[in-house]
Amino acid sequence: MTMNILSIAGTDPTGGAGIHADIKAFSAMGGYAMAAITAVVAQNTRGVRSFVALDPSFVGDQIDAVFDDVRVDAVKIGMVANARIVETIAQRLYAHRAGNIVLDPVMVAKSGDHLLEPDAVAAISELLVPLATVTTPNLPEADVLLGTDAKWSLDAMRTSAVELRQLGSEWILLKGGHLHGSAQSVDLLHGPQTTIELSAPRIRTRSDHGTGCTLSAAIAALLPTCSVEDSARMAKAYLHGALAASEDLDVGHGHGPLHHFHQLWRELPRSLAELSGTGETTTTQSAEHGNSR
Ligand SMILES: Nc1ncnc2c1ncn2[C@@H]1O[C@H](COP(=O)(O)OP(=O)(O)O)[C@@H](O)[C@H]1O
Ligand SMILES: Cc1ncc(COP(=O)(O)O)c(N)n1
């Protein structure tokens, strides 16, 4: 049976972050992707120009439209924009008895631009974190949620992960991507009686737009069929491959997107040739249009 995964998040017209990254990650993990939009964002790989938060009742209508018709196996929450949207999401997810909720408490984009109104932090902490199976803050978001100004280190991350879990999420995945000095990019998964270090070699690339979105979305897609530990491990391995292959894409001049389908595209010429009975071909979209500039 296929799993139906819902993203509740904002948009990125260049396709690297928000619902676009989520839909790609859900699909790459073998899930059926769905999305309810919270905010329409004018952004590209260089930064955020502006955003329009949708009317909270309309966000609620989208969520109801999905749950009233489709079995939802997991939910990923990303950019929520403001406190009223947070209240609506929490109320609707509670009413629909949603499970397997992954909360990425998106606050600031890679470019440094704000994606969340300040009054929404308390609402996220009080209303969404306690509903979450896994909450996935990066280090700046962890500081905001805890009201701290920690000097980041692996030791400080261990302490923060424990404190973050006290806010009510069943598991915390504290992401260490912002610990730039270290050779490994280490995330800490902290849950009932367990803390696991998820470590991967740090990749030198600017094409890291949407890493957090992709990781949390991949976890959500895996959660209905795997343990939290296995979901996090597999999602991290997938993210690492997508980040390593990101420079195969040629998208924008700032923080480029990840290559969500790097494995599939490698197989694509052969699969298409087999499907059409035309023999081996190299005329896939990537080969034809890949580096045309
Ligand atoms: N340069 C990198 N090399 C390898 N993994 C990275 C790198 N940057 C981030 N990651 C990983 O990407 C995921 C997202 O991390 P992070 O950048 O901290 O979050 P966010 O995108 O929310 O700011 C984490 O698993 C982190 O370890
Ligand atoms: C709609 C939306 N959601 C999330 C992010 C964060 O992604 P990143 O930190 O990689 O910029 C973003 N830029 N836009």
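This report walks through the overall fold of a predicted protein model and the surroundings of one of its ligands.

## Reading the model

Residues are numbered from 1 along each chain as its sequence is written, while chains are lettered from A and ligands numbered from 1 in the order in which they are written. Because the model is predicted, local features need pLDDT of at least 70 and side-chain atom pairs count only at pLDDT 80 or more, whereas totals for chains, interfaces and linings use all residues.

## The overall fold

Let's start with the whole protein. Its secondary structure comes to ten helices and ten strands (DSSP runs numbered from the N terminus: H or I of at least four residues for helices, E of at least two for strands). The C-alpha trace spans about 55 × 45 × 40 Å along its principal axes.

Of the 293 residues, 47% count as buried, meaning that 20 or more other C-beta atoms, placed from the backbone, lie within 10 Å of the residue's own.

## An annotated span

The unreviewed UniProt entry carries the annotation "domain: Pyridoxamine kinase/Phosphomethylpyrimidine kinase" for residues 12-259; such annotations may be inferred rather than shown by experiment. This span is 38% helix and 19% strand, and its end C-alpha atoms lie 15 Å apart.

## Around ligand 2

Now for the ligand. Ligand 2 is surrounded by 19 residues, and the closest are Gly-10, Ala-17, Gly-18, Ala-109 and Lys-110 (a residue is near if its C-beta atom, placed from the backbone, lies within 6 Å).

Strand 3 (39-44) and helix 7 (211-222) each supply at least two residues of this shell, with helix 7 giving the largest share, three residues.

Technical notes. Buried ≥ 20, exposed ≤ 12 C-beta atoms within 10 Å, placed from the backbone.
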